[in-house]
Amino acid sequence: MKEKSEASSEFAKKKSILEQRQYLPIFAVRQQLLNIIRDNSIVIVVGETGSGKTTQLTQYLHEDGYTSYGMVGCTQPRRVAAMSVAKRVSEEIGSNLGEEVGYAIRFEDCTSEKTLIKYMTDGILLRESLRESDLDHYSAVIMDEAHERSLNTDVLFGLLREVVSRRTDLKLIVTSATMDSDKFASFFGNVPIFNIPGRTFPVDILFSKTPQEDYVEAAVKQALQIHLSGMMGDILIFMPGQEDIECKIIYYRLEDLENAPPLAVLPIYSQLPSDLQAKIFQKAPDGVRKCIVATNIAETSLTVDGIMFVVDAGYCKLKVFNPRIGMDALQVYPISQANANQRSGRAGRTGPGQCYRLYTQSAYKNEMLTTTIPEIQRTNLANVVLLLKSLGVQDLLLFHFMDPPPEDNMLNSMYQLWILGSLDNTGALTPTGRLMVEFPLDPALSKMLIVSCDMACSADILIIVSMLSVPAIFYRPKGREEESDQVREKFSVPESDHLTYLNVYMQWKNNNYSSIWCNEHFIHTKAMRKVREVRSQLKDIMVQQKMNLVSCGSDWDIIRKCICAAYFHQAAKLKHNYRGLKYPLCSLFGMGYTPDYIIYHELVMTTKEYMQCVTAVDGEWLAELGPMFYSVKQAGKSRQVSKNDLDHLNSPKRSNIGVQ
Ligand code: ADP
Ligand code: MG
């Protein structure tokens, strides 16, 4: 009896999934779409967010037989989207994730021999094209979310255009949520554009009368006002970054109110663990309203049904090359008009909706850009340059980009590769550069791994690099800040955050990779497991490349010197009135240890600049390892390291960076 009811509920679920599939706008044009794809090598598909492009196109191609001679690949600019959509499609198809339907993101391959439909980040496909320039494993590639114009997607455009001209059996489908698809069509040689007829409801747009000073505060207020108004429907709030997604504030405010109906507040951002991400798609129990607080990940990559209200703070985070410091920095910027319109559209999918914009109409009209500047025109291109060089593209300025990057950006990135020794004076790839391409890492990190072999500390550097590739190792729970800081002190290596990381990993290893140990030390177990996984994957590449793995034991000066060899271009001379670095790591400070020079892993821009993950270095190392940057001057008895005059090298003025 029990079996029967389980079977029938399973049937009910399947039926409803099928019904859901058939209700999507794309279903009405399924056959037309397949026909146009059959008749053309490249097709641009345009459809509103939620019309079914990402989840259905792959399945249609599979049902139409394309998977009989290769995989159907679908690229996503965002990791979360690749994972979440693959999961959904595996459910729709009725197989386990990783079998017929799988996904691959950096350091995580959830596919198998059986995989027919593969979702992946655009970065993964780009790297696959290194190994297999004609992408022979694929019968069709869908480049999804092309309107996002991510750096990797833009590079893939140029590469795939060539691949399709060589391989007549390969289908390329480029999808976009916006209507300005003519540009894509003409880039690929006047290929057809297929529009999926939308099914959208009107959305009332309400602007702020005056500019908002505190968008978090304003958003919380607005959401609660909607919640208490008695109108039905779920709420979606757009915030710029993870740190603004403080769902607790909403709960606290709610508690203060008498007789307020319950509300399910759910966050969604890229670093959120995937089991929590899945929650946004589930129905809240018994008519409880959902209030989803999202970064711009919910703008087009993920569609949640049932949203009637959108609250738009008007900002997003963008990675932008900052010429003053010579590297990319993630900063909060106002969104573009195109972003704003996508966001408001989220309210009109299941019925008429409302969008509350927390900015004025005049800011929208006069201050916002029409569209966001493509990533390729605003970020560091070192990795792209490395990749294209290794694909044999000699003159990068002649590569077929849809929107070419500014020449300055390109030259700056080449300069950076030159100082790391990956390009020679003629701009050709050196053996070091060739080896660097093998690693799915930022150039400086792969350089650090390569140098560590010569310096006989590769096993240690491998751990440090793995730790740096995983976000947020430590946590600091509210109310237990002091306790967690004290525990962290135990790992702290005064002269180096990098060594502190090494220390954490070694102690975890000595405790048999225990999760209890992690909990006791306010360390994320999941993050540490990820580190271990990353380490093992990087190790495989090192073994493959015949790089020897040796530990320097306790001679940690060698490790610091090795870090210096790859990061000398990110050095700072300390002023002695510093107050310390931003959480999470600050081992150098407050311990009575005052080095003269440090190198830093990255800079974080908030209202001030913070260096994150720093290591004290010897001034003479800087001169020895970065002779194009520094020289040693003899001044009386004391030796001083000074900056060479770099202006003629078009170098950013790094000396401006002080520690706040
Ligand atoms: P598009 O790519 O055109 O924006 P999608 O194919 O992503 O559209 O979405 C189609 C439908 O699939 C949406 O209605 C959405 O609710 C549903 N969907 C997508 N991903 C998931 C998921 N992870 N869980 C549940 N439903 C999902
Ligand atoms: Mg999509």
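What follows is a chat about a predicted model of a protein with a ligand.

Q: Hi! Before we dig in, how many helices and strands are there in the protein?
A: Hello! The protein has 23 helices and 21 strands. Keep in mind that this is a predicted model.

Q: And what share of the residues counts as buried?
A: Of its 660 residues, 43% count as buried.

Q: What about contacts between residues at least 6 apart in sequence, how many of those join residues at least 24 apart?
A: That would be 72% of them.

Q: OK, sheets next. In what order do the eight strands of the open sheet run?
A: The order is β4-β3-β5-β2-β6-β7-β1-β8, with mixed pairing. At the edges sit β4 (108–110) and β8 (193–195), each of which pairs on one side only. Ignoring direction, neighbouring strands in this sheet are turned by 20° against each other on average.

Q: How do β1 and β8 run, parallel or antiparallel?
A: Parallel: β1, residues 42–46, is joined to β8 by three bridges. If you want a spot to look at, Val46 has Asn195 in β8 as its bridge partner.

Q: Which strands does α3 touch?
A: Helix α3 (residues 53–63) packs on that sheet and touches β1, β2 (71–76), β5 (117–121), β6 (138–143) and β7 (171–176). The direction of α3 makes about 165° with that of β2.

Q: And which strands does α6 lie across?
A: Helix α6, residues 151–166, lies across β1, β2, β6 and β7. The helix runs at about 145° to β6.

Q: Let's switch to the ligand. Which residues are the closest to ligand 1?
A: Those are Lys53, Thr54, Thr55, Arg88 and Phe281, out of 17 residues that surround ligand 1.

Q: Which helices each supply at least two residues of that shell?
A: Helices α3 and α4 (79–93) do.

Q: How does the shell divide into nonpolar, polar and charged residues?
A: Ten of the shell residues are polar, four are charged and three are nonpolar.

Q: Now the six-stranded sheet. In what order do its strands come?
A: They come as β9-β16-β13-β10-β12-β11, and the pairing is parallel. Its edge strands, pairing on one side only, are β9 (203–207) and β11 (263–268). From one strand to the next, the twist averages 15°.

Q: Over how many bridges do β13 and β16 pair?
A: Four, in the parallel sense, between β13 (residues 307–312) and β16 (residues 353–357). One example is Val311, whose bridge partner in β16 is Tyr356.

Q: Which helices lie against this one?
A: Among them is α9 (residues 247–256), which packs on the sheet and touches β11 and β12 (289–294), at about 165° to the direction of β11. Helix α11, residues 337–345, lies across β9, β10 (234–238), β13 and β16, and runs at about 150° to β13.

Q: Ala338 is in α11, I see. Which residues is it in contact with, beyond its neighbours within four places in sequence?
A: Ala338 is in contact with Thr178, Thr370, Thr371 and Thr372. Thr371 is 33 residues away from Ala338 in sequence, yet their C-alpha atoms are 5.3 Å apart.

Q: Why does Ala338 count as partly exposed?
A: Because it has 19 C-beta neighbours inside 10 Å, and a residue needs 20 or more to be buried.

Q: Moving on to the largest nonpolar core, which members touch the most others?
A: Ile237, Ala294, Met448, Val465, Cys564 and Ile599 do, in a core of 164 residues. Aside from its neighbours within four places in sequence, Cys564 is in contact with Ile599, Val617, Trp621, Leu622 and Leu625.

Methods
Residues numbered from 1 in each chain as written. Chains lettered and ligands numbered in written order. Predicted model: local features only at pLDDT ≥ 70, side-chain atom pairs only at ≥ 80, totals over all residues. Pairing = 2+ DSSP bridges. Axes fitted to C-alpha atoms, helices over the stretch in contact; angles between N-to-C directions. Contact = placed C-beta atoms within 7 Å. Buried ≥ 20, exposed ≤ 12 C-beta atoms within 10 Å, placed from the backbone. Near = placed C-beta within 6 Å. Nonpolar A, V, L, I, M, F, W, Y, C, P; charged D, E, K, R; others polar. Core = buried A, V, L, I, M, F, W, Y, C linked by C-beta atoms within 7 Å.
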